[in-house]
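Visitor: Could you take me through some of the charged contacts and strands here? I will ask as we go.
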Amino acid sequence: MSDLITPPSFVKVNSTDTPPTSPNGHKPIMPSPPSLVIRSSNPEKLKRKLALTLASLYDYEPTPSLKVKTERTSVASPLWKNSKIEPKTGEEPKVANNEDLFQDLAPDLIEVASGDHTKELTPPPENNAAVESFRNNIHTVLPSASEPALGKIAEFSSVDLDAIEGLQMKDAPKATKEGNEKFIIRHEWTGTSQFDGITDISIGLQEENQLDNLILYRRALVHDITLAPHDPSFYIDLSNLDAKLAFSDTSSHNAYRALLLLEAGLQIITPQQSELSRSVFTAISTRLCTTSIAVIIDELNSMYIGAYRCLIQGLLHSGAFWDGLTVVKIGLEIFPNDAELLDLRSLLRESFQDRHHSTMEDIKNGQVVNIITATRPGLIFQKRYPWMAPKLFVRTPRLIRQVNFKFPSLNAEVRPVIFGPPGTASTFKALSGLPKTGDVGPLGIFAKCDIEEGESILADKSIACVSDISPSTGLFCDACHAALIPPFAHPSEIRRPSCGCKVSFCSTGCHDIAVGSYHKIQCGIDFAWLYNAGSLQTDWNPIMFLRVICIVLSTPGWSKDSVPQKNPLQHPLVARMTANYTRNNEESSHSYDWSYQDNIVAPTRILLDLGIDIFSPIKNTHQGKIKFLANIWTPELIQTVYWRMSNNANTSTIKITGLQQGGSPPSRSQSFGVGHSMFGQDKNAHLIVLSPCYLFFNHSCRQNVSWMGTVSDGTDDISWLVAGEGSNQELMKPGSSSVICRANRNIKAGEELTISYVGDPMGNYTEEEYHKNPKLAIGKSTNGDISEPRWAIRTSLTKWFSDGVGCGCEQCAEENQKDNLPRRVKL
């Protein structure tokens, strides 16, 4: 994103300040916080829990020595084996004076391939517009966060330890090596970082039997954040812990939230102070038992550099080298002599240079089209965060019945699917025989009756759609994305909201749906910055995140002020979607593009602009008692929503004349697969849609359903815009988010309906090429071997099928029996 966020300059207090004293003595006026009240009906049980807590959470060991040993922070490098960067005592001036050495490591002049030309690419300039926006944007974001002051800490001070359950991990293999027992890696706790060196550290903790204690420590930190949600120190501790567990993305996000709080706290002595500033000041004042501004500012400054180190290290371990260079530049302007920041900058520059040179080789070989999208984003594993509640990942029979109740089809419905052996047809199971609150497992769409070839199956409409054209242009309907330009719409049909927002709708129906749902949540808030990112915008996720969250918050019972507040992951629209996770007992294999701007800064700013409190705990009343729960808008929730959107969205290139971005003619799309975004990669506009019913289709290389969108250039037959049969026929509007599905062969009742996720699964040949070589239609070349385009399709299927045997259809099963396939897989 172009609007970057960073904390401000280092705050210094020149005057000597002491705590205020009473007239009769030298004791501070501010009393100590009230003692923690612990209630327990079983004193012996309480003692055991306290002993376990002190031993495991805080490494409590009585020692007669009063000498304190200072531990220096070290940063493990994902690039150097068995190497750590440690600031050495007494050498700080030498390191600070060696900036020329670090500058020599920078890719000051990097060749960029653009067509037949090359140009120079430099690291982020010191005074570019993005960095300047990065400095100033925080002043816009923070005042919008309405934070209650943490003045009455006493309301959090009563804790019932008997109500705290789950001190021991359940349903997880134990990492022990007793006798001849084989050590079992708990892969769900090996983190999201793709660097082997970082993951090995996490696995080493399991081998040393430290994982369970760290899990308990993480729970304790979340509990501490619930008690003192505006104290940055707990977010820094949580960031360090997640980094230790190799969850580099949540580590970066927690460090960023710490910086937001620190920025607000440092504004307490400025005219820009806000309610959040006072909340941070109160939290630290309570922890330190002082009201001295000098002491509190000193504490904020000491945490400031720690938060920067955590954030930059997290970006490094997430592979976001460009973002790390941008952030470390700001950090070094505040702390120019910090040895650790200098070392991190050196690592980031060297890593970015290596990636750039590797990308240049790929460009020469024709494997990369856009160097920016190939070098700037990071890469992490797509993984279910193991500390999240299992109920957030359950699709219940009740949810499936709700889906089928509104399923827009007369001859098909959603059912739990049972996958058979490779090469055999899948079957289904009845919802009536499943537990009411249990997970129904994988789902698919099945025929309720016999369906003839060419018969309409589904016409799925959605308001969860976005494109890289700003809604303020008025070129399309803000609800369904139908084109509003002649000859597709008459000016008299266009509707605009009475609130004055610069959006348009294709009909009264779309206007009423939007105003009654997502539009009323974002009405009056300027989100134009989401579309002004220029070349840095390579991901559609932030724009879709805004639409999805507004749909969730507009649903009755799901508003931000609802009591109790419901988790967005359990909303019917979000709960029906699943991410592409591997099983807990398997090593992660699904990678995900990740960036600091798109995955941390943008969603945080969206939530704050919508008036959502991302810090304070949730009040829940149970049997007349007020209970405080952890805030639900956590980094892991945001990333989980992102993963579900990415795995279920379908992408189309808009070919309608007049809707092409920049007015340029459309170029041939080279993308494979659903969910691959082309934002920022060419001059075409792209439509991203979360179709609420279409997303239940499973893939098959021998699919029995053909589908088509409505963004064609008009060369296709208009019959493709007709959905439904007989009196239920309807003409879909050009440019809209509608997806039309028809049977491409005769289908029997009870048969699963499948589509292709990758276009033509045999290789996207033309009709002429198929006519010259009929074997191409079954994925074979002239000599009978698997064709190169078909092999590329098989490779692209690893996004959804990681076992290397394809999707399990008859086509993949036949290819797996060939003698030459294993050799090609190995290569």
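Visitor: Is Arg287 buried or exposed, or in between?
Guide: Arg287 is partly exposed, at a relative accessible area of 32%. Buried means under 20% relative accessible area, exposed over 50%, and partly exposed in between, with a 1.4 Å probe and protein chains only. This is a predicted model, where local features need pLDDT of at least 70 and side-chain atom pairs count only at pLDDT 80 or more, while totals for chains, interfaces and linings use all residues. Residues are numbered from 1 along each chain as its sequence is written, and side-chain values use heavy atoms, leaving out hydrogens and water.

Visitor: Which side chain meets Arg287 in a salt bridge?
Guide: Glu299 does, at 3.1 Å from N to O. A salt bridge here is a side-chain nitrogen of Lys or Arg within 4 Å of a carboxyl oxygen of Asp or Glu. The pair links distant parts of the chain, with Glu299 in helix α10 (residues 293-317) and Arg287 in helix α9, 12 residues apart. Helices are DSSP runs of H or I with at least four residues, strands are runs of E with at least two, and both are numbered from the N terminus.

Visitor: And how accessible is Glu299?
Guide: Glu299 counts as buried, at 18% relative accessibility. Together with Asp231 and Arg287, Glu299 belongs to a network of salt bridges.

Visitor: What does Glu275 pair with?
Guide: Glu275 forms a salt bridge with Arg278, and their closest N and O atoms are 3.8 Å apart. Both residues lie in helix α9 (residues 275-288), 3 residues apart, about one turn of the helix. Glu275 is partly exposed at 37%, and Arg278 is likewise partly exposed at 36%.

Visitor: How many salt bridges are there in the whole structure?
Guide: A search finds 16. Another one of them joins Arg745 and Glu751, at 2.6 Å from N to O.

Visitor: Changing topic: why is strand β8 described as largely enclosed?
Guide: Strand β8 (residues 412-418) has 5 of its 7 residues buried, so the rest of the structure largely encloses it.

Visitor: Which strands pair with β8?
Guide: Strand β10 (residues 443-447) pairs with β8 in the antiparallel sense over 5 bridges, and Val414 stands opposite Ile445 there. Strand β9 (residues 427-428) is also antiparallel to β8, over 2 bridges, with Phe428 as the bridge partner of Val417. Two strands pair if DSSP finds at least two bridges between them.
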